[in-house]
Protein chains: 2
Amino acid sequence: MHTPLYQHFEQYIRLSPALREELENRVTVQSFKKGELLHDADKVCTRSYFIRKGLVRVFFLKDGREISEYFSSEGEWVNSPKSFIQRQKDIYSIDTLEDTDTWRLEISDLGYLFDHFPEMERYARLSMGTVFGHLMERITSMRFTSAKEKYDHFRAVYHDIYHRIPLGMVASYLGITQETLSRVRAEK
Amino acid sequence: MHTPLYQHFEQYIRLSPALREELENRVTVQSFKKGELLHDADKVCTRSYFIRKGLVRVFFLKDGREISEYFSSEGEWVNSPKSFIQRQKDIYSIDTLEDTDTWRLEISDLGYLFDHFPEMERYARLSMGTVFGHLMERITSMRFTSAKEKYDHFRAVYHDIYHRIPLGMVASYLGITQETLSRVRAEK
DNA sequence: TTTTTCTTTTGACCTATATCAAAAACTACT
DNA sequence: AGTAGTTTTTGATATAGGTCAAAAGAAAAA
């Protein structure tokens, strides 16, 4: 039943039966229709969602326009990172681009797991290391690169899901206008 | 003697006497002259340096030019993150912009600390969370912003040290040319 | 199916920043 | 102090990508 979740953890640590059971008990199924909000920037983010099926987008408002920060899909956790970690409000909201099924974990439950299973701390450290690497690569790919190079990098990173994301959202993710992205895409 | 190092850890966890002692035993003083390499991209990064005094720059080569990735100064750890975490080569080298004194920690010693002190795992998770936030902010500040806005953000982030960094290195950090940065700076 | 709304493409024009080149201002040796 | 090397500034020009506007295409609603 919770196999994809276990597999995710086992990329980084070995799950003891006790930890498996705790995870299973503390995680709740929650589904969202396309366009629904998982998290609103108005509030502190107290939940993390593991995506079983679907696609979500983390975004914020700048001058009244929605800017995509990043996208998450099957097999990944999503939350508003700074809000979730530091228990304060942040600028990000999260909504879905497709009907999405998740397992939801409350921050209080996660705290319990950290306190009682040191391997969870290790899991967090290692998995953050992975994401960390992605962020640095992204920063590199945003400097001294043409719109085309940015788009190519985006397609490489979001290889499996880039075609499921509307053009305007991709453009704001890349920091270019959708007109420019449309032209870049045309010449191929 | 090791006070600044202890203080750094105690932003995130409480250091037991036992852990203090282990840290103290495993850390080695190392000093570098201005311009010396702390790490060369040719090699796997197996050491992390805590900066007691001085200023270093993490950079890589693109088309024969040196691009600054970021800077670190007093009270911070520096290494080549992906190389250090995943024990493989990466593009980054590290050198000093000033004479620099450090405490050096070998990855094997860090591994020992992770294995024997679960609070070290917690420290790593929490401190990575902080850096994580900075990276996300930086990504945001690089999209849809003018050269001037990028420079303003840089000065805010590197408030205490920005004046110690040569203009050309700041420009490559921001992803703009040094000519543009020079002009931005002139009109104030 | 038809209408309405949302998304993407195309076109014309403009501006911020890149590029190339050279002068000026620093820094660091001898 | 004087020379050589490096870094920063200034100037002239070019261009990628922004902005604004409108048409075309797709998706959702009636």
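**From one leucine to the DNA**

B:Leu110 is buried, because its relative accessible area is 14%. Buried means under 20% relative accessible area, exposed over 50%, and partly exposed in between, with a 1.4 Å probe and protein chains only. This is a predicted model, in which local features need pLDDT of at least 70, side-chain atom pairs count only at pLDDT 80 or more, and totals for chains, interfaces and linings use all residues. Residues are numbered from 1 along each chain as its sequence is written, chains are lettered from A and ligands numbered from 1 in the order in which they are written, and side-chain values use heavy atoms, with hydrogens and water left out.

B:Leu110 sits in helix H4 of chain B. Helices (H or I, at least four residues) and strands (E, at least two) are DSSP runs, numbered from the N terminus. Leaving aside neighbours within four places in sequence, B:Leu110 is in contact with B:Phe84, B:Leu105 and B:Met120. Contact means heavy atoms within 4.5 Å. B:Arg65 is 45 residues away along the chain, and its C-alpha atom is separated from that of B:Leu110 by 33 Å.

Now take the whole helix. H4(B) spans residues 107-116, and B:Ile107, B:Asp109, B:Leu110, B:Leu113 and B:Phe114 are buried in it. They lie on the same side of H4(B), because they cover an arc of only 160 degrees around the axis. The arc is that of the directions from the helix axis to the C-beta atoms. B:Ser108 and B:Asp115 are exposed on the other side. The cover over the buried residues includes H5 (118-142) of chain A. From chain B it includes helices H2 (17-26), H3 (81-86) and H5 (118-142), and strand E8 (100-106).

Next, the core. The largest nonpolar core has 72 residues. Such a core is a set of buried Ala, Val, Leu, Ile, Met, Phe, Trp, Tyr and Cys residues joined through side-chain atoms within 4.5 Å. Those with the most contacts inside it are A:Phe71, A:Phe154, A:Ile165, B:Phe71, B:Phe154 and B:Ile165. Beyond four places in sequence, A:Ile165 is in contact with A:Leu55, A:Phe71, A:Leu97, A:Phe154 and A:Val170.

Finally, the DNA. A polar side-chain atom of B:Arg183 lies 2.9 Å from a base nitrogen of DNA strand D.

A polar side-chain atom of A:Ser182 lies 2.8 Å from a phosphate oxygen of DNA strand C. A polar side-chain atom of B:Arg183 lies 3.3 Å from a base oxygen of DNA strand C. H8(A) gives the largest share of the surface near DNA strand C, five residues.

Notes: A polar contact is a pair of N or O atoms within 3.5 Å; within protein, one must be able to donate a hydrogen and the other to accept it, and residues adjacent in sequence count only if both atoms are side-chain atoms.
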